[in-house]
Amino acid sequence: MTENASGVSGVSYAAAGVDIEAGETAVELMRTWVAKAQRPESVGAIGGFAGLFDASALKGYRRPLLASATDGVGTKVAVAQRMDVHDTIGRDLVAMVVDDLVVCGAEPLFMTDYVCVGKVYPERVAAIVKGVAEGCTLAGCALVGGETAEHPGLLGAEEYDLAGAGTGVVEADALLGAERVRAGDVVVALASSGLHSNGYSLVRHVFFDLAGWSIERHVPEFGRTLGEELLEPTRIYSLDCLALARATEVHAFAHITGGGLAANVARVIPEGLAAVIDRASWAPAPVFDVVGAAGRVARGELERTLNMGVGMVAVVPEASVDTALAILAARGVPAWVAGRVEARGSGADAATLTGDYAR
């Protein structure tokens, strides 16, 4: 409570649950990390009302197209909250945004984030933003600003959510997508680092509600605890995809997120063609089998919900395959030929999975 001019106690913002001083402390704690996630075109510093980016960098383009994307981390934040580990979830956010941008061939330029909390714990907010800043560094983009909002009564004191938006640029005549895909193209799969940031409502239901496992449970198939497996950061592919597009011919990328492998690949396959993907070309990481067994989840449901070990797909002409695989191997990204593009039969899907997974 505070006193007004008449000396009578009145309600304060802090009494309503919003701590302005804690928010200011959080900004100070995150300042160092944000400063590390910059590009030469970044203008100004944290604390302004808007993030600034020097658009004169676009003068070198003949016809620059700006690409934008926005996303969140979904219910994976609930795992971070259970574990009380908050400095990796920001990398997941960056991955979800920049890897959508790079699908069209766009170079991610900058991001902003939005952290919504039930109560501001400055060290926790700073840890979240640290993860975002580290993700931006891995993606080659700048973190130019963001917002931390305290919503008491809407979120519990220990709860938070995380979202963000990014902007990228691509030369108009370098735009990638279904228009470039041709029969005979090859589908190159890029391995995921695990579950990434999709399907956690199913995964949490299986492990915590049905199986009754604790976050600290050691799972032999994982070689670590359940929580450590579930919190594994999403692989960020943006620089790898850009390197691929610059060094060899690429027709399309597909970011494998919600909806699974077939549904996301189908988004970059034109009418009349189909991507046929052979499950036997890879063995999914153990986490996918464990989810299926613990929850008695049918393979079709797993494939509609999870990435099954493939986080990104590149569609390339046959002549580019060897170069593409060599580039990805040199960059430390496991990749393999997973399928081909062929004529689509009447009534067939734009992307299908065939065969059984390797063991």
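Helices (H or I, at least four residues) and strands (E, at least two) are DSSP runs, numbered from the N terminus. In a regular strand the side chains alternate between the two faces of the sheet.

This is a predicted model, in which local features need pLDDT of at least 70 and side-chain atom pairs count only at pLDDT 80 or more, whereas totals for chains, interfaces and linings use all residues. Residues are numbered from 1 along each chain as its sequence is written, and side-chain values use heavy atoms, with hydrogens and water left out.

The partner of β16 is strand β13 (residues 273-278), which runs parallel to β16 and is joined to it by 4 bridges; two strands pair if DSSP finds at least two bridges between them.

Among the contacts with a separation of 6 or more, 83% are between residues 24 or more positions apart, where contact means heavy atoms within 4.5 Å.

Strand β8 brings two further strands into the picture. Because 9 of its 12 residues are buried, β8 is largely enclosed by the rest of the structure. Strand β5 (residues 64-72) runs antiparallel to β8 and is joined to it by 9 bridges, while strand β6 (residues 107-117), also antiparallel to β8, is joined to it by 10 bridges. Gly 164 of β8 stands opposite Asp 71, and Gly 164 also stands opposite Asp 113.

β8 (160-171) also takes part in the second largest pocket, to whose lining β8 and α7 (238-247) each supply at least two residues. A pocket is found on a 1 Å grid over the protein atoms alone, as an open set of points where a 1.4 Å probe fits, with protein on both sides within 12 Å along at least five of seven lines, and its lining residues have an atom within 4 Å of a point. The space in this pocket is about 270 Å³, a volume being the space filled by probe spheres set on the points, which are joined across faces, edges and corners. Of the 16 lining residues, Gly 105, Val 170, Ala 174, Ala 245 and Arg 246 lie nearest the centre of the pocket. The lining divides into 9 nonpolar, 2 polar and 5 charged residues, where Ala, Val, Leu, Ile, Met, Phe, Trp, Tyr, Cys and Pro count as nonpolar, Asp, Glu, Lys and Arg as charged, and the others, Gly among them, as polar.

The loop between β9 (186-191) and α5 holds Ser 197, which is buried with a relative accessible area of 7%. The side chain of Ser 197 makes polar contacts with the side chain of Asp 92 at 3.1 Å and with the side chain of Thr 234 at 2.9 Å. A polar contact is a pair of N or O atoms within 3.5 Å; within protein, one must be able to donate a hydrogen and the other to accept it, and residues adjacent in sequence count only if both atoms are side-chain atoms. Leaving aside neighbours within four places in sequence, Ser 197 is in contact with Val 73, Lys 76, Asp 92, Met 96 and Thr 234. His 196 lies in this loop between β9 and α5 as well, and at 1% relative accessibility it counts as buried. Its phi is near 60°, a positive value in a residue other than glycine.

Helix α9 (residues 286-295) has Val 287, Phe 288, Val 290, Val 291, Gly 292 and Gly 295 as its buried residues, and what covers them includes α5 (200-210), α6 (226-230) and α10 (299-305). α9 is followed by Arg 296, with a positive phi near 50°. Arg 296 is placed in the loop between α9 and α10 and is exposed, with a relative accessible area of 80%.

Technical notes:
Buried means under 20% relative accessible area, exposed over 50%, partly exposed in between (1.4 Å probe, protein chains only).
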